[in-house]
Amino acid sequence: MLIKTQRDGFHHDRPSEITPAGVYLQRRAVMQHLATGVAGAALASWASRQARAQTARPGKLAPLPGARSAVAGASTMEKWTEYKDASTYNNYYEFGTDKADPAKNAHTLKTSPWTVEVEGLVKKPAKYAIENLLKLSAQEERVYRMRCVEGWSMVIPWVGYSLAELIRKVEPLGSAKYVEFLTLADPKTMPFVGSRILEWPYAEGLRLDEAMHPLTLLSFGMYGEVLPNQNGAPVRLVVPWKYGFKNAKSIVKIRFTEKQPATAWNVAAANEYGFYSNVNPNVDHPRWSQATERRIGEDGLLSKRRKTLMFNGYEAQVGQLYAGMDLKKFY
Ligand SMILES: Nc1nc2c(c(=O)[nH]1)N[C@H]1C(S)=C(S)[C@@H](COP(=O)(O)O)O[C@H]1N2
Ligand SMILES: [Mo]
């Protein structure tokens with residue numbers, strides 16, 4: 001049922017191919033019906049919430065629906081951040097350092113054709129056209145909290161699949177211990193790639209077991225549509241228990257390595273940003289506390305800061321990955 005929309009996922013310019021909202025909502029209703037029979041009230045209320053939220057699908061870009069994820073802990077019941085906020089309050093330094101810059105400037109990003117190379121210590125290195133990468137596994141919707149290191153957070157319904165699905169396809173060698181992510185650095189379309197704030201291309205990395213964790217999402221969409229450019233189109237990483245900057249946008253290369261890869265923010269300021277960057281209210285940034293956060297969209301005078309949760313609230317799912325590690329040392 002998702003095939004048509006997947007095929008059309010990256011053709012923003014042909015409205016006749018876009019699934020009409022009515023058909024889309026009908027599908028949602030069917031899913032809701034199924035959910036009632038299968039797993040009872042909790043799932044049904046989740047489905048109806050989703051169905052209601054989907055009526056507010058922004059309708060700006062091509063639809064990219066995802067089935068409810070079965071991954072444990074993958075969908076918080078918290079209220080979604082408004083699409084308008086999630087798509088206009090961004091960090092994407094290739095397009096400027098002001099939060100409003102990416103939404104203003106990222107229209108120059110050309111997301112088609114797009115190729116993602118998977119290389120390094122793998123048995124089956126591969127180059128994927130974005131359309132094929134998108135179809136590699138079924139699209140799921142996951143409502144993740146995202147906590148930026150600067151002290152704000154959002155709740156976003158991402159669409160994608162576990163990065164583990166891709167990793168299994170390319171068969172890492174026994175010597176592969178880390179995964180490096182490199183993103184596009186095109187001075188012709190990205191006005192700030194020449195700036196000296198960071199080294200380009202923007203680079204990120206995960207330990208292989210972190211990359212294989214089912215919560216680690218390779219994301220192609222949000223709010224039931226393909227990603228807007230400013231949020232990292234056409235493909236980005238979402239690692240919900242880490243600070244936002246780990247979520248590399250507009251990925252072009254995924255490389256398996258034996259040594260811990262360099263990461264953009266660690267290279268820029270090693271004492272402020274470590275390799276792990278797990279959300280941790282007990283380890284302050286050298287210049288500010290990480291104990292609380294502000295939820296974007298709730299910034300009225302009376303809105304309270306929220307307590308930041310260990311591993312951003314995903315401790316039950318990911319705590320084991322760091323058993324015995326000194327999280328002050330490995331920040
Ligand atoms: N290529 C690239 N990816 C990036 C960044 C960036 O500047 N360039 N900023 C990071 C930071 S600091 C955050 S908080 C998240 C923001 O993602 P969002 O705009 O979708 O909320 O993207 C991350 N990914
Ligand atoms: Mo961030």
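Visitor: How many salt bridges does the count come to?

Guide: Please note that the model is predicted. Side chains of opposite charge can pair when their charged atoms come close. With a limit of 4 Å between a side-chain nitrogen of Lys or Arg and a carboxyl oxygen of Asp or Glu, the count comes to 19.

Visitor: R57 forms a salt bridge with which residue?

Guide: The pair links distant parts of the chain, 168 residues apart. R57 is in the loop between helix 3 and strand 1, and its partner is in strand 9. The closest N and O atoms are 2.7 Å apart, and the partner is E225.

Visitor: Are R57 and E225 buried or exposed?

Guide: Buried means under 20% relative accessible area, and exposed means over 50%. By this rule, both R57 and E225 are buried.
The answer for the pair is therefore: buried.

Visitor: Which parts of the chain does the salt bridge between E171 and K124 tie together?

Guide: In this pair the closest N and O atoms are 2.9 Å apart. E171 lies in the loop between helix 7 and strand 6, whereas K124 lies in the loop between strand 2 and strand 3. The pair therefore ties together parts that are 47 residues apart in sequence, namely these two loops.

Visitor: Why does E171 count as partly exposed?

Guide: Partly exposed residues fall between the 20% limit for buried and the 50% limit for exposed. K124 is partly exposed, with a relative accessible area of 44%. E171 also counts as partly exposed, because its relative accessibility is 26%.

Visitor: By how much of a helical turn are E165 and R168 separated?

Guide: E165 and R168 form a salt bridge, with the closest N and O atoms 3.8 Å apart. Both are in helix 7, three residues apart. Their separation is therefore about one helical turn.

Visitor: Which residues of helix 7 are buried, and within what arc do they fall?

Guide: The buried residues of helix 7 are L163, A164, L166, I167 and V170. Seen down the helix axis, these residues line one face, because they fall within an arc of 160°.

Visitor: At about what angle does helix 7 run to strand 11?

Guide: Helix 7 covers residues 163-170 and lies across strand 2, strand 3, strand 6 and strand 11. Its angle to strand 11 is about 60°.

Visitor: What is the order of the strands in the open sheet of five strands?

Guide: The pairing in this sheet is mixed. The edge strands, each pairing on one side only, are strand 3 and strand 7. Neighbouring strands are turned by 15° against each other on average, direction ignored. The order is 3-2-11-6-7.

Visitor: Which residues have the most contacts inside the largest nonpolar core?

Guide: In soluble globular proteins, nonpolar side chains tend to be buried together. The largest core here has 85 residues, and its largest share, seven residues, comes from strand 5. Among the residues that I254 touches are V116, L163, L166 and F181. Those with the most contacts inside the core are L133, L166, I254 and F256.

Note on methods:
Residues numbered from 1 in each chain as written. Chains lettered and ligands numbered in written order. Predicted model: local features only at pLDDT ≥ 70, side-chain atom pairs only at ≥ 80, totals over all residues. Heavy atoms only, no water. Core = buried A, V, L, I, M, F, W, Y, C linked by side-chain atoms within 4.5 Å. Buried < 20%, exposed > 50% of the residue type's maximum accessible area, 1.4 Å probe, protein only. Helix = DSSP H or I, 4+ residues; strand = E, 2+ residues; numbered from the N terminus. Contact = heavy atoms within 4.5 Å. Pairing = 2+ DSSP bridges. Axes fitted to C-alpha atoms, helices over the stretch in contact; angles between N-to-C directions. Arc of directions from axis to C-beta. Lists of a residue's contacts leave out its neighbours within four places in sequence.
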